[in-house]
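This report describes side-chain contacts, surface charge and backbone features. The sequence and structure come first.

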Amino acid sequence: MLLLTVFIKEVLLGTCTGISFVDSTPLRVCRNQHILIHKTFEGLAERGKCSMEWFFGFKLHLIINDKGEILNFMVTPGNMDDREPLKQKKFLKNIKGKLCADKGYIGQALFENLFLNGIQLITKVKNNMKNSLMSVADKILLRKRALIETVNDELKNIAQIEHSRHRSFNNFIANSLSAIAAYCFFEKKPAIDLCFFKDRQLAMF
């Protein structure tokens, strides 16, 4: 499995284009009704909450570029804060430019730390926060954040990265890495077409 991980990260992952998207998705290992009797991932999986509901399992953290290529990934327990992986240099290796995320990644200290390392974290503001100036290009990029949701959907529904039939942690990791490797070989990945037009009056994205 270690060789497979190294192979994926060194050979199959994409190249940063200066525009990246980050998000996490739950990897459920059992139904919520079976949490108390689930033994396979006892002490490893944790109960967490996504945008939809509570779940028991792990989180898959992904960074992709505008071409839909995976730049890096990390698997953590389900109760880990989405911002924690962004504090690790290994997870952000070779990432630069703009990094679009949802409101769960808002944090002044995190923004400043990433900015010092050449990464501009772009998020929407919460309802109880003061509004901030943002370029039209950044606003449009945030609207394109659905791209990484599509990647998560393909990993789950096509590559079958999530199911509740694991009988060991090694089987879970092997299945997860295999699904990520399979996605990297997809001939057609979800992508967005970015074009910049400049004239004397207005810069259009």
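Arg28, Glu53, Lys156 and Glu162 are joined through salt bridges into a network. The model is a predicted one. Lys156 counts as buried because its relative accessibility is 17%, and the buried class covers values under 20%.

**Salt bridges**

Across the whole structure, a search finds nine salt bridges. Among them is the pair of Asp82 and Lys59, with 2.9 Å between the closest N and O atoms. Asp82 is buried at 15% relative accessibility. Lys59 is buried as well, with a relative accessible area of 8%.

Arg145 and Glu149 also meet through their side chains in a salt bridge, at 3.5 Å from N to O. Here Arg145 is buried at 15% relative accessibility, whereas Glu149 is partly exposed at 36%.

| Salt bridge | N to O distance |
|---|---|
| Asp82 and Lys59 | 2.9 Å |
| Arg145 and Glu149 | 3.5 Å |

**Positive surface patch**

Lys103, Lys124, Lys126, Arg143 and Lys144 form a patch of positive charge on the surface. One of these residues, Lys126, sits in the loop that runs between strand 6 (119–122) and helix 3 (136–143). Lys126 has a relative accessibility of 41%, so this residue counts as partly exposed.

**Aromatic pairs**

The count of aromatic pairs comes to eight. One of them is the pair of Phe41 and Phe172, which is edge-to-face, with 5.6 Å from centre to centre and 75° between the planes. Phe41 is in the loop between strand 1 (19–28) and strand 2 (46–49), while Phe172 is in helix 5 (residues 169–184); the two are 131 residues apart, and their pair links distant parts of the chain. Both of these residues, Phe41 and Phe172, are buried.

Phe111 and Phe115 form a stacked pair, because their ring centres are 6.0 Å apart and their planes meet at 20°, and planes under 30 degrees apart count as stacked. Phe111 and Phe115 are four residues apart in helix 2 (residues 108–116), so about one helical turn separates them. Phe111 is partly exposed, with a relative accessible area of 31%, whereas Phe115 counts as exposed at 51% relative accessibility.

Ring pairs also connect Phe41, Phe58, Phe169 and Phe172 in a cluster.

**Backbone angles**

Most residues other than glycine have a negative phi. Asn94 is not a glycine, yet has a positive phi of about 65°. Asn94 is located in the loop between strand 4 and strand 5, and is exposed, with a relative accessible area of 63%.

Gln160, also not a glycine, has a positive phi of about 55°. The position of Gln160 is in the loop between helix 4 (146–157) and helix 5. With a relative accessible area of 41%, Gln160 is partly exposed.

Notes. Residues are numbered from 1 along each chain as its sequence is written. This is a predicted model: local features need pLDDT of at least 70, side-chain atom pairs count only at pLDDT 80 or more; totals for chains, interfaces and linings use all residues. Side-chain values use heavy atoms; hydrogens and water are left out. Patches are made of residues with over 30% relative accessible area and no salt bridge: like charges are joined within 9 Å, nonpolar side chains (Val, Leu, Ile, Met, Phe, Trp, Tyr) within 5 Å. Accessible areas come from the Shrake-Rupley method with a 1.4 Å probe; for residues, only the protein chains shown count as cover. A salt bridge is a side-chain nitrogen of Lys or Arg within 4 Å of a carboxyl oxygen of Asp or Glu. Lys and Arg count as positive and Asp and Glu as negative; His and the chain ends are not counted. The place of a charge is taken as NZ of Lys, CZ of Arg, CG of Asp or CD of Glu. Buried means under 20% relative accessible area, exposed over 50%, partly exposed in between (1.4 Å probe, protein chains only). Rings of Phe, Tyr and Trp (its six-membered ring) pair if their centres lie within 6.5 Å; planes under 30 degrees apart count as stacked, over 60 as edge-to-face and the rest as tilted.
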